[in-house]
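Take a walk through this model, from its overall surface down to single side chains. Keep the coordinates open as you read.

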Amino acid sequence: MTTERSPRAALALVVGLTVVLSVALSLVHLPSAVLFASLIAGMAHALTSPTVLAVPPWSFRLAQGAIGVVIGATVTLPALERIGRDVLPIGLVMIATLLLSVLAGRVLALRSDVSLVTGVFALIAGGEIGRAH
């Protein structure tokens, strides 16, 4: 069921649901509770209303930067040392993952309603983000 919402109601839904889910997910000690909560809240809006919830480009970039800082803050020196010791297997897994994503994207692009670029970038983590904005 989809319902048209005003942009203000859409924003209230996404922010309100993000806050409630962030608290709930934090109480069960889910890592990155706010990131998961905001993802779920955004999906709840997107799946129930055609109303576009537009944000200014600067806020999108600010959010990407904040996520980068949060992820970067979790990297420890011992983890970096382990990565340095295992750089070859880690690099091979990264390359294999990228190749599998590209191949799966090409398969997805066999659909008539999916272009090759969209198919490939949609299956690479973060790939479609740069194209969308």
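The accessible surface of the protein chain is about 9800 Å², and carbon and sulfur atoms own 76% of it. Areas here come from the Shrake-Rupley method with a 1.4 Å probe; for residues, only the protein chains shown count as cover. This is a predicted model: local features need pLDDT of at least 70, side-chain atom pairs count only at pLDDT 80 or more, and totals for chains, interfaces and linings use all residues. Residues are numbered from 1 along each chain as its sequence is written, and side-chain values use heavy atoms, with hydrogens and water left out.

The fold has seven helices and zero strands. In sequence order the pattern reads α-α-α-α-α-α-α. The radius of gyration is 18 Å, well over the 14 Å that the globule rule gives for 133 residues, so the chain is more spread out than a compact globule. That radius is taken over C-alpha atoms, and the rule is 2.2 Å times the number of residues to the power 0.38. Along the principal axes, the C-alpha atoms fill a box of roughly 50 × 45 × 30 Å. Helices (H or I, at least four residues) and strands (E, at least two) are DSSP runs, numbered from the N terminus.

How much of the chain is buried? Of its 133 residues, 15% count as such. Buried means under 20% relative accessible area, exposed means over 50%, and partly exposed lies in between (1.4 Å probe, protein chains only). Among contacts with a separation of 6 or more, 47% join residues 24 or more positions apart. A contact is a pair of heavy atoms within 4.5 Å.

Now look at the nonpolar surface patch. Its members include Leu-11, Val-15, Leu-30, Phe-36 and Leu-47, and the whole patch has about 1100 Å² of accessible area. Patches take residues with over 30% relative accessible area and no salt bridge; like charges are joined within 9 Å, nonpolar side chains (Val, Leu, Ile, Met, Phe, Trp, Tyr) within 5 Å. Helix H1 (7-27) and helix H2 (33-48) each supply at least two residues. Leu-30 sits in the loop between H1 and H2. Its relative accessibility is 33%, so Leu-30 counts as partly exposed.

Ser-26 belongs to helix H1. Ser-26 is partly exposed because its relative accessible area is 38%. Its side chain reaches the backbone oxygen of Ser-22 at 2.7 Å.

Ser-49 lies in the loop between H2 and helix H3 (57-73). At 5% relative accessibility, Ser-49 is buried. What does Ser-49 contact, leaving aside its neighbours within four places in sequence? The partners are Thr-2, Thr-3, Glu-4 and Arg-5. A polar contact of 3.0 Å also joins the side chains of Ser-49 and Thr-51. Such a contact is a pair of N or O atoms within 3.5 Å; within protein, one must be able to donate a hydrogen and the other to accept it, and residues adjacent in sequence count only if both atoms are side-chain atoms.

Ser-101 is in helix H5 (residues 87-108). With a relative accessible area of 15%, Ser-101 is buried. Beyond neighbours within four places in sequence, Ser-101 is in contact with Leu-123 and Ile-124.

The structure holds one salt bridge (a side-chain nitrogen of Lys or Arg within 4 Å of a carboxyl oxygen of Asp or Glu). Arg-111 and Asp-113 form it, at 2.8 Å, N to O. Arg-111 is partly exposed at 48% relative accessibility, while Asp-113 is exposed at 54%.
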